[in-house]
Amino acid sequence: MKKIINPFIVSGKIEPEYFCDRVSESASLIKSLTNGNNLVLISPRRMGKTGLINYCYDKEPIFNNYHTIFIDILHTTSLREFTFLFGKSIFEAILPFGQKMLTSFVHTLKSLSGKFSIDLVTNMPTFNLELGDITRPAMTLEEIFTYLENADKPCIVAFDEFQQIANYPEKNIEALLRTHVQQASNTHFIFAGSEYHIMQKMFMSSARPFYNSADTLELKAIDIDVYARFVIDHMNRGKRTISEELVKEVYRLYSGNTYAMQKTFNELYSITREGSDVTIDMVITAINNVINSKEPMLREQLSNIPDKHKPLLYAIAQEGEAERITSAKFVKDHKLASASAVQYAAAQLLTKGIITKLAGKYSINDPFFALWINRLYGSANLLQQLKG
Ligand SMILES: Nc1ncnc2c1ncn2[C@@H]1O[C@H](COP(=O)(O)OP(=O)(O)OP(=O)(O)O)[C@@H](O)[C@H]1O
Ligand SMILES: [Mg+2]
């Protein structure tokens with residue numbers, strides 16, 4: 001008998017039957033890469049970049065013809081960390097392919113010679129390096145690219161949160177990577193990122209090394225009708241029913257943020273008994289349950305924001321999407337100190353990744369953070385927001 005699982009997956013690998021849509025996006029991602037191009041993948045946070053990449057890695061014609069490597073560099077702060085993680089990710093990706101490939105990897109990384117050890121039982125090299133073992137990152141990096149160049153199959157490498165390289169202290173990292181990427185003929189690259197302004201500057205400004213070097217795919221929210229169908233079908237399969245209107249209200253509340261929707265429907269599915277119909281009260285309960293489960297983390301996040309930036313944060317939470325935030329009207333309506341104080345606070349909140357600015361509109365990145373703030377200060381009622 002098949003295990004009964006909650007069909008709204010919120011972490012880890014998503015099996016194709018639980019993966020919603022992305023038909024055209026996966027086709028164009030696969031087309032770019034299999035035609036030998038590199039790809040920039042941008043979207044707001046939590047829209048589904050990582051999920052899309054992994055979904056495509058498992059599909060034909062990628063699965064059987066390429067080595068696929070996925071590296072999240074969000075937490076790296078230097079070329080040395082980047083190189084370490086890159087090497088480690090390749091090592092792990094080729095591990096299942098056995099001794100020959102691993103040995104060739106170890107031999108190619110001459111700058112680390114003597115640093116790898118051999119497992120005495122399996123006779124296989126092990127990746128027991130420490131960050132400090134990488135003493136000449138630029139050289140090791142070059143060797144890694146050489147290894148990819150000589151791999152027995154073409155490779156696809158995804159750098160997730162690629163904008164992070166702009167924060168490394170070393171100079172000319174972009175130029176260095178660009179040179180390697182340009183010379184690679186056996187590997188194609190995905191550069192994924194969620195910070196629009198940095199990614200755009202990196203790939204779309206003619207003064208920068210990566211200018212015009214890749215196709216661009218902008219991942220938007222899943223279409224509202226397609227997502228509604230997905231939710232209704234999975235609820236039905238689990239012997240539950242939900243109206244299209246309710247799904248769409250949730251969708252609009254989160255402006256189509258994939259994670260927030262999936263998290264909410266995951267909770268809603270679990271609190272709905274078989275044979276029942278989902279009501280708006282249950283939707284509200286589910287959202288509150290999710291917010292409650294995140295409360296300690298949200299509280300911590302708020303406490304890390306300086307008091308002088310909070311009034312703007314609360315104003316944006318209340319508006320959902322805030323426009324013309326330095327206008328006299330906005331400043332007055334939300335009792336903010338001054339236009340210049342708003343401008344400064346906005347810049348700080350943007351840099352910290354707490355808010356986003358898209359097409360002139362500011363919003364809080366994490367929809368649950370916004371809902372929690374509104375709940376805390378009673379400034380917007382969940383039912384009204386859903387009916388918005
Ligand atoms: N097509 C999809 N169908 C169903 N669930 C999805 C889909 N795409 C993503 N998800 C879910 O949405 C959430 C966010 O996806 P993912 O982590 O891929 O986004 P992301 O853009 O990489 O986010 P981040 O900016 O945090 O890196 C995850 O919980 C994932 O399981
Ligand atoms: Mg991601």
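Which residues are buried in helix H10 (residues 244-253)? They are Leu246, Val247, Val250, Tyr251 and Leu253, where buried denotes 20 or more other C-beta atoms within 10 Å of a residue's own, with C-beta atoms placed from the backbone. This is a predicted model, in which local features need pLDDT of at least 70, side-chain atom pairs count only at pLDDT 80 or more, and totals for chains, interfaces and linings use all residues. Residues are numbered from 1 along each chain as its sequence is written, while chains are lettered from A and ligands numbered from 1 in the order in which they are written.

**Helix H10**
- Viewed down the axis of H10, the buried residues lie within an arc of 165 degrees, so they line one face of the helix; the arc is that of the directions from the helix axis to the C-beta atoms.
- The cover over these buried residues includes helix H9 (224-237), H11, helix H12 (280-303) and helix H17 (382-387).
- Helices are DSSP runs (H or I, at least four residues), numbered from the N terminus.

**Ligand 1**
- Ligand 1 is surrounded by 20 residues, the closest being Cys20, Gly48, Lys49, Thr50 and Gly51; a residue is near the ligand if its C-beta atom, placed from the backbone, lies within 6 Å.
- Helix H2 (49-57) and helix H11 (258-271) are the elements that each give two or more residues to this shell.

**Asn65**
- Asn65 belongs to helix H3 (residues 62-65).
- Asn65 counts as exposed because it has 12 C-beta neighbours inside 10 Å, the exposed class being 12 or fewer.
- Asn65 and Ile42 are 23 residues apart in sequence and 25 Å apart in space, C-alpha to C-alpha.

Key:
Contact = placed C-beta atoms within 7 Å.
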